[in-house]
Amino acid sequence: MPPDFDTNMRFKFSILALFLEVVVIVLYGIFVEYDTNSATNLYPHFQDVHVMIFVGFGFLMTFLKKYGFSSVGFNMLIAAFGLQWGILMQGFWHMKRGKIPVSIESMINADFSTATALISFGALLGKTSPIQMLILTLLEITIFACNEHLVTKVLQATDVGASMTIHAFGAYFGLAAAFVLYRPGLAKKHENDESTYHSDMFAMIGTLFLWLFWPSFNSAIANGPEGQGTAIINTYYSLAACAVVTFALSSLVDKRGKFSMVLIQNATLAGGVAVGTCADLAIHPFSAMFIGVIAGIVSVLGFQFLTPVMASKLKIQDTCGVHNLHGLPGILGGIAGIVVTAIKRETRNGHLLTPAMQAAALGSTLGIALVGGALTGAILKLPFLGQVSDQNCFDDSAYWEVPEEETVPEIHSSHRDERSRFEAAM
Amino acid sequence: MPPDFDTNMRFKFSILALFLEVVVIVLYGIFVEYDTNSATNLYPHFQDVHVMIFVGFGFLMTFLKKYGFSSVGFNMLIAAFGLQWGILMQGFWHMKRGKIPVSIESMINADFSTATALISFGALLGKTSPIQMLILTLLEITIFACNEHLVTKVLQATDVGASMTIHAFGAYFGLAAAFVLYRPGLAKKHENDESTYHSDMFAMIGTLFLWLFWPSFNSAIANGPEGQGTAIINTYYSLAACAVVTFALSSLVDKRGKFSMVLIQNATLAGGVAVGTCADLAIHPFSAMFIGVIAGIVSVLGFQFLTPVMASKLKIQDTCGVHNLHGLPGILGGIAGIVVTAIKRETRNGHLLTPAMQAAALGSTLGIALVGGALTGAILKLPFLGQVSDQNCFDDSAYWEVPEEETVPEIHSSHRDERSRFEAAM
Amino acid sequence: MPPDFDTNMRFKFSILALFLEVVVIVLYGIFVEYDTNSATNLYPHFQDVHVMIFVGFGFLMTFLKKYGFSSVGFNMLIAAFGLQWGILMQGFWHMKRGKIPVSIESMINADFSTATALISFGALLGKTSPIQMLILTLLEITIFACNEHLVTKVLQATDVGASMTIHAFGAYFGLAAAFVLYRPGLAKKHENDESTYHSDMFAMIGTLFLWLFWPSFNSAIANGPEGQGTAIINTYYSLAACAVVTFALSSLVDKRGKFSMVLIQNATLAGGVAVGTCADLAIHPFSAMFIGVIAGIVSVLGFQFLTPVMASKLKIQDTCGVHNLHGLPGILGGIAGIVVTAIKRETRNGHLLTPAMQAAALGSTLGIALVGGALTGAILKLPFLGQVSDQNCFDDSAYWEVPEEETVPEIHSSHRDERSRFEAAM
């Protein structure tokens with residue numbers, strides 16, 4: 001391993017993490033206060049979102065055969081730091097008498113903010129160090145909070161399930177960073193960049209908890225019981241239709257008609273992303289199902305045909321295919337929002353929603369994500385951030401103590417048997 | 001593989017699934033409308049049931065060593081299609097001004113309806129194609145909705161936790177189909193029809209989420225907070241007593257006194273099934289515990305002694321043993337309902353519950369399930385539905401792209417070492 | 001295997017378990033009645049705690065390579081019996097007209113009571129039989145209920161998240177029992193006392209569900225929405241800070257800077273334990289984070305430096321390191337309670353909380369736990385309780401039917417190939 005790829009981050013990582021934690025605690029001491037007057041009736045929604053962030057995103061990424069510890073572990077690290085940072089970054093835009101009040105609702109929003117960094121992590125999975133991911137989390141959540149303020153307060157666009165501000169933002173931020181961090185050495189498929197039978201099973205834990213609790217994600221910050229109920233119903237049906245279509249297309253795009261775990265794990269979720277922007281609008285269940293169908297089609301085709309092209313032609317290596325799960329379906333959600341507000345008169349807090357503002361929100365989100373992601377990628381290129389060599393990508397053992405393989409001792413013993421019998425025979 | 005067993009379902013499956021999805025969307029466009037005036041306070045119950053259907057049932061069936069993708073994947077497919085179909089089939093019986101209103105409560109009922117197909121899937125696990133399962137789901141949910149209407153509206157029987165209408169129905173429907181689809185070639189134990197250490201661990205994820213959230217299943221559609229509270233308490237204690245008894249009997253029926261994972265994964269849940277019919281009646285916690293004890297005994301004895309006999313003598317091959325988890329405990333629940341309404345005067349919506357009507361409900365459920373399951377099995381016997389040969393049963397690779405075994409490369413390399421050393425020695 | 005280590009518990013275990021279940025049902029028949037007038041709004045909290053007990057604790061302990069069935073299975077057995085017993089033991093202290101009312105709240109408390117036995121199980125993991133664990137559960141929950149009554153009713157101390165009464169109690173009870181049950185034969189590391197890649201992944205399921213739902217644990221029995229909201233917020237931030245610090249220190253204490261799964265699985269949770277006692281007090285979020293930081297530091301250092309010394313010098317073999325996850329952070333929580341009540345005037349039910357009473361609560365808890373655990377350990381030393389020999393420790397096959405290893409058949413076949421080729425060559 002050349003000296004440029006020194007993955008021993010003993011002091012670098014621990015000092016950075018401790019420093020950030022101290023900074024956060026000091027800022028909380030100065031700015032944060034309880035807001036326990038607000039309702040706790042959002043608590044079940046909060047817990048569903050919380051499970052999505054830590055179990056859903058975490059296990060979804062465990063599909064790689066040797067990168068499970070990093071997937072679920074760094075996911076936890078990013079989210080645990082990000083949820084603290086998110087309260088501050090979102091709170092600075094809405095301070096009350098110089099203070100940031102913390103309630104169940106702001107905790108939901110903080111969990112949301114971490115999702116952007118976790119989506120970007122999916123694009124970079126296996127190729128970045130924990131130091132790089134902490135820096136990315138810090139920067140991405142900061143930029144996310146600015147864009148979210150722009151979209152929801154300045155442009156006054158609707159994006160209740162955050163198709164644009166979280167999913168498209170996180171995906172294109174990550175893809176821009178992946179472009180800057182392009183590794184020519186990974187142009188040929190890395191031997192660790194694949195799944196095993198059990199790693200695919202672990203990933204299904206992530207898929208299912210994301211799929212099941214997505215209605216909570218899209219409805220958590222909807223207005224009142226009616227908006228929440230509509231968001232729950234729309235998301236439920238969009239996901240159901242998307243799942244059926246994903247199975248259909250997964251079989252159709254394979255020449256032997258076999259299902260692909262990559263598609264079932266990911267594309268079944270695209271319906272939840274795409275229905276996000278207009279989840280709480282009374283678009284009718286069949287429209288939600290239609291959005292889910294389109295999302296499933298776009299996502300399957302993206303995984304099957306676009307991701308290989310992006311890697312080879314555009315030099316964007318997207319490990320988890322976040323472009324197909326969050327990027328394209330997020331744009332689809334933004335477009336659905338434009339279409340719905342063009343067709344139907346919809347208001348939000350007494351303010352008319354217009355297709356122009358929805359389009360501006362989508363455009364600003366994509367622009368800020370791409371620029372922010374590229375700049376962040378450039379910063380992550382700094383040396384001494386503990387990145388791995390190409391050869392050690394997608395391998396936990398660069399950053400983790402990994403137990404010996406289960407099978408090794410038994411093979412060794414069989415080995416020994418073989419040899420002794422062999423020698424005896426000689 | 002003979003031409004009758006062509007598992008390449010590239011066009012057959014995808015066209016069927018897309019066709020069904022289009023039909024469903026059109027029917028939703030015509031008949032379905034939001035009902036968001038109704039309460040959202042059932043949402044936590046809904047999410048618990050949702051987790052049971054997708055994670056609980058899905059992972060419970062992952063115990064087979066090479067059938068995990070199909071178990072959790074087809075479970076998702078069946079449930080995602082079934083929950084859309086269920087709203088329509090149940091809704092046609094209760095239309096309001098020509099429309100089917102969708103609310104959290106009707107979404108719970110739709111999730112319930114998918115459970116019947118998932119239980120039948122358990123009996124047929126490893127032996128049917130996704131095309132066959134889509135057809136079964138379509139037919140079974142349709143017939144279930146008719147029987148449920150008969151039981152609850154015509155006979156006005158009580159079955160709040162659906163011991164009869166879901167558990168017994170799904171089990172006997174699946175067993176009748178399994179009888180019609182009997183495979184003599186599987187009379188000897190198939191080498192894939194067994195678990196591995198890790199597949200048994202994955203199955204415990206399913207068991208635990210089913211066990212934990214069963215009180216939500218049995219109380220979700222109970223009347224008011226008092227009925228719900230009673231159903232929660234009764235189910236909690238029935239399950240707890242059943243779990244302890246299952247451990248006791250699992251040791252007792254083994255000549256070396258060892259626990260069996262099959263029993264712990266399944267029979268511990270029988271208490272939730274058996275207490276279902278009278279879960280919301282004030283039968284006293286100790287009666288609930290007594291029902292749980294009987295359920296545990298019946299279920300363990302069924303797995304241990306009945307399932308082998310059913311396969312060899314009755315030609316009913318029940319892969320997951322749904323007869324012991326859902327069939328017998330479901331009947332037990334129906335009988336408990338008869339006994340309780342005979343002893344105590346209980347009313348439901350101002351209507352007196354009578355043992356005669358409870359018995360009629362149980363009888364009609366069993367009769368309709370057996371006839372419906374047998375007819376469905378006959379339809380599934382049609383050629384060209386993508387079924388597997390006996391040899392390829394219980395094997396994901398018939399319908400899935402499966403990653404190479406984790407151990408294979410290492411064995412190969414040991415292989416190579418061996419050979420080269422061998423050759424060197426020669 | 002010498003006759004002293006007869007792990008065939010066919011009749012002993014099943015008769016004990018059935019006897020205990022019958023005793024419990026009779027006692028429920030005499031003493032227990034429904035209390036469904038009380039609110040069901042705690043039901044989502046209850047379900048979160050329920051998941052922690054069965055999935056959280058159960059899977060957290062599956063890290064051992066050959067002890068997954070026992071970890072998740074005996075965890076289920078202990079909890080299913082313990083929650084029945086806990087209602088009785090806690091209820092006898094608060095009977096109303098000779099009856100013990102059962103409500104969602106008392107079910108939460110019963111689930112809590114099982115946590116003490118599960119924590120002690122963690123210290124003894126791999127070294128005790130199911131018979132021993134049933135006896136321990138019976139005794140520990142009985143003693144726990146007495147200590148809890150002493151702490152909350154007699155001393156009127158606060159311990160809303162049970163840092164002292166559950167975590168410290170369960171840990172020191174288990175450690176005292178482990179001391180009495182010391183096995184010199186395990187002084188050298190047992191070959192089964194380690195994890196594999198996939199067993200560590202299963203354990204992360206437990207870690208994450210514990211981490212996520214800990215705010216529900218600490219707030220479940222807090223007074224009113226404001227107390228609950230405060231407890232949720234404090235626990236959330238304590239855990240988040242603790243997780244970041246654990247990652248930092250895990251890298252720092254390793255000479256190559258690599259993360260350790262043991263630390264990530266366990267020490268990340270210490271913040272939830274330590275903030276428990278004063279979780280519902282308005283100590284400010286930054287104080288909660290500070291408590292989490294200290295808990296993370298103490299826990300990591302404990303795992304790294306204290307556990308090996310305790311095993312070698314103090315003859316306390318603590319399989320899961322419960323001293324570092326529950327013991328030390330529990331004491332830290334008790335001390336935090338003393339400090340907070342010394343600094344701020346806090347009342348509970350109109351009663352002033354004093355540091356003296358908090359200190360008395362901590363002292364009595366530790367004293368009763370150590371004495372109770374030692375006595376229980378002495379009882380468990382009785383012969384004929386089915387304990388395993390040192391050699392068979394940490395191995396499911398002592399008490400479970402275990403499927404053949406996945407790799408064995410393939411190695412065998414490679415074996416056969418080798419041999420036949422060898423013979424052919426000869």
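Helices (H or I, at least four residues) and strands (E, at least two) are DSSP runs, numbered from the N terminus. By that numbering, A:S70 is found in helix 3 (residues 68–91) of chain A. The model is predicted: local features need pLDDT of at least 70 and side-chain atom pairs count only at pLDDT 80 or more, while totals for chains, interfaces and linings use all residues. Residues are numbered from 1 along each chain as its sequence is written, chains are lettered from A and ligands numbered from 1 in the order in which they are written, and side-chain values use heavy atoms, with hydrogens and water left out.

Leaving aside residues up to four places away in sequence, A:S70 touches A:N75, A:F121, A:D396 and A:W400, where contact means heavy atoms within 4.5 Å.

Attention now turns to the interface of chains A and B. Here 73 residues of chain B are in contact with 69 residues of chain A. The two chains bury about 6,100 Å² between them, 74% of it on carbon and sulfur atoms; buried area is the accessible area (1.4 Å probe) that two parts lose on being put together, summed over both. On the chain B side, B:R10, B:Y34 and B:M76 lose the most area to chain A, together 12% of what that side buries. Between these chains there are 21 residue pairs in polar contact, both residues at pLDDT 80 or more. Several elements of chain B give two or more residues to this side, among them helix 1 (10–31), strand 1 (32–34) and helix 14 (407–425). Helix 3 of chain B gives the most, with 12 residues.

A pair of aromatic rings is described by the distance of the centres and the angle of the planes. Rings of Phe, Tyr and Trp (its six-membered ring) pair if their centres lie within 6.5 Å; planes under 30 degrees apart count as stacked, over 60 as edge-to-face and the rest as tilted. By this rule there are 72 aromatic pairs over all chains. One of them, A:Y197 with B:F69, is stacked at 4.5 Å centre to centre and 20 degrees between the planes. This pair crosses between chains, from helix 7 (residues 197–219) of chain A to helix 3 of chain B, and both A:Y197 and B:F69 are buried. By contrast in geometry, C:F74 and C:Y399 are edge-to-face, at 6.2 Å centre to centre and 65 degrees between the planes. C:F74 is in helix 3 (residues 68–91) of chain C and C:Y399 in the loop between helix 13 (355–380) and helix 14 (407–425), 325 residues apart.

Finally, C:V151 lies in helix 5 (residues 130–154) of chain C and is buried, with a relative accessible area of 0%. Among the residues that C:V151 touches are C:A361, C:S364 and C:T365.

How values were computed:
A polar contact is a pair of N or O atoms within 3.5 Å; within protein, one must be able to donate a hydrogen and the other to accept it, and residues adjacent in sequence count only if both atoms are side-chain atoms. Buried means under 20% relative accessible area, exposed over 50%, partly exposed in between (1.4 Å probe, protein chains only).
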